[in-house]
Amino acid sequence: MSSITGRSAAPAGDLPLDTRVCGQVGAACREVRTARGLTLAEVGERLLLSTRQVRALEDVDLSAFHNPAFFVAALRKYAGFTGVD
């Protein structure tokens, strides 16, 4: 079961998000980023994301991504980078 989506599996194209969990993960990533003294741009460069997308991950703003699946993939990547479980 994914802690981000709250489901074990979802049909292709149908990815309901648990925005509360995404918000907690995004906030934890922001805390780690700021504690390390990294800017949004530096994180974006390392993760191959735009500054807008990194900010969107921290704020749970899906509008910066093509679809929810890309948002979830990027959030997992960011969480891995920061060590957030």
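**Entry 1: helices and strands**

I counted 4 helices and 0 strands in the chain, taking helices as DSSP runs of H or I with at least four residues and strands as runs of E with at least two, numbered from the N terminus. Along the sequence I read the pattern α-α-α-α. I note that the model is predicted, that local features need pLDDT of at least 70 and side-chain atom pairs pLDDT 80 or more, and that totals for chains, interfaces and linings use all residues. Residues are numbered from 1 along each chain as its sequence is written, and side-chain values use heavy atoms, with hydrogens and water left out.

**Entry 2: the chain as a whole**

I looked up burial for the chain of 85 residues and found that 35% count as buried. Buried means under 20% relative accessible area, exposed means over 50%, and partly exposed lies in between, with a 1.4 Å probe and protein chains only. I then looked at contacts, meaning heavy atoms within 4.5 Å. Of the contacts between residues at least 6 apart in sequence, 51% join residues at least 24 apart.

**Entry 3: α3 and its surroundings**

Helix α3 covers residues 51-59, and I found Gln53, Val54, Ala56, Leu57 and Glu58 buried in it. These buried residues pack against α1 (19-35), α2 and α4. Just after α3, I noted a positive phi of about 50° at Val60.

**Entry 4: α3 against α4**

I read an angle of about 90° between α3 and α4, whose axes are 10 Å apart. Axes here are lines fitted to C-alpha atoms, for helices over the stretch in contact, and angles run from 0 to 180 degrees between N-to-C directions. α3 is therefore roughly perpendicular to α4; the cut-offs are under 35 degrees for roughly parallel, over 145 for roughly antiparallel, 65 to 115 for roughly perpendicular, and oblique for the rest. On the α3 side I listed Val54, Ala56, Leu57 and Glu58, and on the α4 side Phe71, Ala74, Leu75 and Tyr78. By class, the residues of this contact are 7 nonpolar, no polar and 1 charged. For these classes, Ala, Val, Leu, Ile, Met, Phe, Trp, Tyr, Cys and Pro count as nonpolar, Asp, Glu, Lys and Arg as charged, and the others, Gly among them, as polar.

**Entry 5: α2 against α4**

I looked next at α2 (residues 40-47) and α4 (residues 68-82), whose axes come within 11 Å and cross at roughly 105°. α2 and α4 are therefore also roughly perpendicular to each other. Val43, Arg46 and Leu47 of α2 meet Lys77, Tyr78 and Phe81 of α4. I recorded 4 nonpolar, no polar and 2 charged residues in the contact of α2 with α4.

**Entry 6: Phe81 and Thr82**

I located Phe81 in helix α4. Phe81 is partly exposed, at a relative accessible area of 23%. Not counting residues up to four places away in sequence, Phe81 touches Arg36, Leu38, Val43, Arg46 and Leu47. Arg36 lies over the face of the Phe81 ring, at 5.7 Å from the ring centre; the test asks for NZ of Lys or CZ of Arg within 6 Å of the ring centre and within 35 degrees of the ring normal.

Leaving aside neighbours within four places in sequence, I found Thr82 in contact with Cys29, Val32 and Arg36.

**Entry 7: Arg33**

I placed Arg33 in helix α1. Arg33 is buried, with a relative accessible area of 10%. Its contacts, apart from neighbours within four places in sequence, are Leu38, Thr39, Leu40, Val43, Glu58 and Tyr78.

**Entry 8: Ala64**

I found Ala64 in the loop between α3 and α4, buried at a relative accessible area of 11%. Ala64 touches Arg52, Gln53 and Ala56, not counting residues up to four places away in sequence. The C-alpha atoms of Ala64 and Gln53, 11 residues apart along the chain, are separated by 5.5 Å.

**Entry 9: aromatic rings**

I found 1 aromatic pair in the structure. Rings of Phe, Tyr and Trp (its six-membered ring) pair if their centres lie within 6.5 Å, with planes under 30 degrees apart counted as stacked, over 60 as edge-to-face and the rest as tilted. Phe65 is buried at a relative accessible area of 10%, and Phe71 is buried at 0%.
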